[in-house]
Amino acid sequence: MSRAEGQSAGSGAVPGVPAGELFRIALLRGGRGLRLGLTTVGFMLHQLCEALVPILIGVVIDQALEPGDPGALLRWLAVLAGVFLVLSLSYQRAAAAMVGVYGHAEQELRRLAVTRLLDPFGLRRAPGPGEALSLVTSDSYRVAGVSWSVVEQAATLTAILTASTALLLISVPLAVGVMVSTVLVLLLMRRLAAPLEARGLAEQGSAARAGEVATDMITGLRVLAGMHAQPEAAARYRAASDASRRGAVAAARAVLSYSALSQVLSGVFLAALVTASGWLALDGRLTIGQLVTVLGLAQFLQGALAHVGTFASDWAHKRASARRIAGLLSEPALIAPPVSGAGQKANKSEKTEKTDKTDGVDASGSRTRHKVSAPGPRTDGSASSGDARVPGAVGGAPAPRPGAAVRMPAARTASADPGPGTVWYPPGHGGPVELVPGALIGVVPRDPGHARWLSDRLGCRVRPVRGELLIDGADAVDLGPEAVRARIAAPPHQGTLFSGTLRANLTPPGGTLDPAVVRAAMLDEVLEHIGGQDTEIGEHGRRLSGGQRQRLMLARALHAETPVVVLDEPATAVDPVTERRIAEGLAELPGTVLLITTSRILLSTCDRVVDLTDTATGDAAAPPGGDGTADDQNGTPR
């Protein structure tokens, strides 16, 4: 397994992944080395036949036309026809095989880039959407193109060697001149191509930034229209696009200047070769057929030498893209890998739990999730510091509606050992919050930024603090984000809907909607509005209103196959009547739900409410208030 493979498996970044490793993957991985070798032989055979054509024409002139021998003419024409047949077939078969080699290499590089972008351990510096798109598409395309470069350059060198050998047999001085000229052109063009890599890297970076600005603007088009900020958004995109244009023009000018110089050098070489050949023919040291062969090879060599001149620039752009992808693969992980063995133990425990728990279908057709019998009420009548149990109010939260069934968590004293299960110690809070199976627990944050921060911590989108979250007695730091997310689903407040059907946004392919979740999230009206669960919802759910999109994301969170679901202000875009019905629906679900909200309506149906409005602020506590918009990678307000 290569270093790039190891880091893509979810174990964090491997420092200093070299660009050469990516080229090796593109050329040799998955048996591509053998196929690439055979394809290269095919293209080399094609170029060999191309070089033989002017040689055979000269032979026909000297061996058949000049002596007037019809038999020799037919024989050599048959040989020429066979060469053309091999020339055509070798190119067709090699080109078809090359498409497969290149396509699989590009797919492998894209998989590596996407796997790193989706690494559960996160990235300290995550690329924006535009830059990520550029890495996965254009950069992967360029690096995978190294296979074409190897094949074409090997074929070009074959053509030059064949032509030089023929010239050597015809005239040693001409052959020496061709070889020396080829070496000089290669050395000169390699030196001139040195700045192209830096310009190509700058051009690709500016294009990625322009794409990122465009992606952000299209995503927030409705918000921009509501704020009447289209002129400012357009001005920012024009600035980014202009920078991208300048970078692209500078890179293109450099490449065109490089190509023009390559053409000039090959033209000078051709003129010198033709002049020398004509002088030798007039001197009687070349036959008419040999002169025709030399002139034909000169024309053929002009294209080959021009291609040789582009070798360096071609590799410069590919190295620039390889460096960008290597930088992504080498980016340090946001969250350190877990202690060896702890995560595997937790995953095994989780699989056992999923096997033992009663997931099934009840009499009404609803999916039941880890349903448990209602635990008994507290016997001491006390409550831990900073929380309250209904009936009663915390932070202004009203008591539950009259006649509502209240599910009380299991009895625990403040000094009792929480034991196995999921226990959360909120930063700055005095005591533990035990996520009792089947409980609906409310958490009151200080402000929206605090709510986003708490959700990010439970969802492992920021670096965890040791001792903050315990799962079956094991620390979340030792378990790692994958094991934690197998137990706790904590989607971000600002979720994203995907193009496709409503069903595809809620369940995996072939899955079915849970009727209980549909009722709890008030999706019945949404299904009626758009015409069913298999109806397209549009790009980013544009066929839905803001409240309908939020209800859809709430239903998606509740469909998660995890023992605990964390909801971050799930009803901020709905009216009070709908919010009340959502609160009642959440109270009826059998699963464990941790509800981070300041809504009095939602808190009124909770079995327990934890007040974090007065928690201390420190290194382990939440940052001071903000607008509630947090970066998905580092959890800091922006």
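**Exercise 1.** Describe how strand S6 pairs with strand S12 in this predicted model.

*Solution.* S6 and strand S12 (residues 608–611) are paired in the parallel sense over four bridges, where pairing requires that DSSP finds at least two bridges between two strands. Strands here are DSSP runs of E with at least two residues, numbered from the N terminus. Within this pairing, Val443 has Val610 in S12 as its bridge partner.

The model is predicted, so local features need pLDDT of at least 70 and side-chain atom pairs count only at pLDDT 80 or more, while totals for chains, interfaces and linings use all residues. Residues are numbered from 1 along each chain as its sequence is written, and side-chain values use heavy atoms, with hydrogens and water left out.

**Exercise 2.** Find which residue in S11 is the bridge partner of Leu440, and state whether the residues of S6 are buried or exposed.

*Solution.* Begin with strand S11 (residues 592–596), which runs parallel to S6 and is joined to it by four bridges; there, Leu440 is partnered by Val593. Next, turn to S6 itself (residues 440–444), where five of five residues are buried, that is, under 20% relative accessible area with a 1.4 Å probe and protein chains only. Leu440, Gly442 and Val444 point one way from the strand, whereas Ile441 and Val443 point the other way.

Technical notes. Buried means under 20% relative accessible area, exposed over 50%, partly exposed in between (1.4 Å probe, protein chains only).
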